[in-house]
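Q: I have a sequence and a 3D structure to read. Can you take me through some features, one at a time?

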Amino acid sequence: MAAEMPKLINNAPEAVYIHIPFCTNKCFYCDFNSYVLKDQPVMKYLEALEREMEYTVKKTPPGKIKTIFVGGGTPTVLKPDEMDYFLRSVRTYFPDWADDIEFSMEANPGTTDLEKLSVMKEGGVNRVSFGVQAFQNELLTGIGRIHNTDDVYRSLENARKAGLTNLSIDLMFGLPNQTVDMLSESVNRALELDLPHYSIYGLKVEENTLFHTLFQKNQLPLPDEDHELEMYKHLMQRMKDAGYIQYEISNFAKPGMQSRHNMTYWRNEDYYGLGAGAHGYVGRERHMNVKGVNPYIEKAEQGLPRLETAQITREEAMEDFMMVGLRMLDGVSSSRFEAQFGEKIEDIFAGPLHKMVHAGLLDATGDGYRLSSQGVLYGNEVFAEFIGALTVK
């Protein structure tokens, strides 16, 4: 019998990612597609973004939208009138929202006064993720952040005054000059806020960043691997003790408060990607938009502002399903895999699955596989087993 095509291909996308590429400054570790706000054509960019929305929904009409995520850059550098224009554009082209839609926006402390947060709330935003990174001002200065810890508390207070309660903060570990004790203090202060969600990431030194330049010159005082592993174990235990579910390698939530938009990525489901440098995945086709602000504006005047598109083969889609799905602590679902691809997960990935289970890095579940407690610490080694596992045959 011929294998079935994934069901998701025939479904209208229900998730939207939108990129606002402007920042007040460029952090020393950041390799995202972002540009310092000064002298940027912000309104022309928002108008171009609206045109891309129009072209996009004409080509692939949306379903009932379940999640929207606005990232950057720093979306909250938009002025209140710009924010209002942007959010009205979103509602115009993606009008059919689920009753329980999750509409998230990234924010930097210090760029979110009460007026702006009220505009966001009025425009439909109901979840805000603040990039805090650490609770020591000296560490924040050392990574190029412009906010301080007072800004964090003020921003959260303003958000609550505006009626926003589904709040998250990002923290980082493995930072230059950071100790386990410093991370512990940051976790203490974060947990005192009693938020529904926390994302806690390890620093990665990426190319084309100031940190990469310093690293190449041996001028970046990073914790060694043992200390970084100790930090990760420490934060996992602290979050568990505080009643948070570690539902993904870097994400912790109170029960029922997981980021549903990110789950779209980790389940390898379709989503629109809009804005300069944005990535999208619709109908087994991935795309990336042109990155520069002015090139994006010019391209959007002519049609979809694509830099490149690629059809994803069946084998690549299967590998992606495993690599992103295993980031979730629930792991990958055999029944979901079979629903998408018409074949059993064990028949396709017998070799890597056996190897990783035998190594103690994967556990078999009732309906699939998940990282073991040891596998969580060495996730990249597990994911690597599935890269090219089918395409090299």
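**Reading a helix**

A: Take α8, residues 225-241: this helix has 17 residues and reaches 24 Å from its first C-alpha to its last, close to the 24 Å expected at 1.5 Å a residue. Helices are DSSP runs (H or I, at least four residues), strands likewise (E, at least two), numbered from the N terminus. The expected span is 1.5 Å times one less than the number of residues. This is a predicted model: local features need pLDDT of at least 70, side-chain atom pairs count only at pLDDT 80 or more, and totals for chains, interfaces and linings use all residues. Residues are numbered from 1 along each chain as its sequence is written, and side-chain values use heavy atoms, leaving out hydrogens and water.

Q: Which residues of α8 are buried?

A: Buried means under 20% relative accessible area, exposed over 50%, partly exposed in between (1.4 Å probe, protein chains only). In α8, the buried ones are Met231, Tyr232, Leu235, Met236 and Met239. They sit on the same side of α8, because they cover an arc of only 125° around the axis. That arc is taken from the directions from the helix axis to the C-beta atoms. The face turned away from the buried side carries exposed Asp226, Lys240 and Asp241.

Q: What is found at the start of α8, and what just after α8?

A: At the start, a side-chain oxygen of Asp224 reaches to within 3.2 Å of the backbone nitrogen of Asp226. Just after α8, Gly243 takes a positive phi of about 90°.

Q: Where does Asn268 lie?

A: Asn268 is in the loop between α9 (260-266) and β11 (272-274). Asn268 counts as buried because its relative accessibility is 6%.

Note on methods:
Polar contact = N/O pair within 3.5 Å; in protein donor to acceptor, adjacent residues only side chain to side chain.
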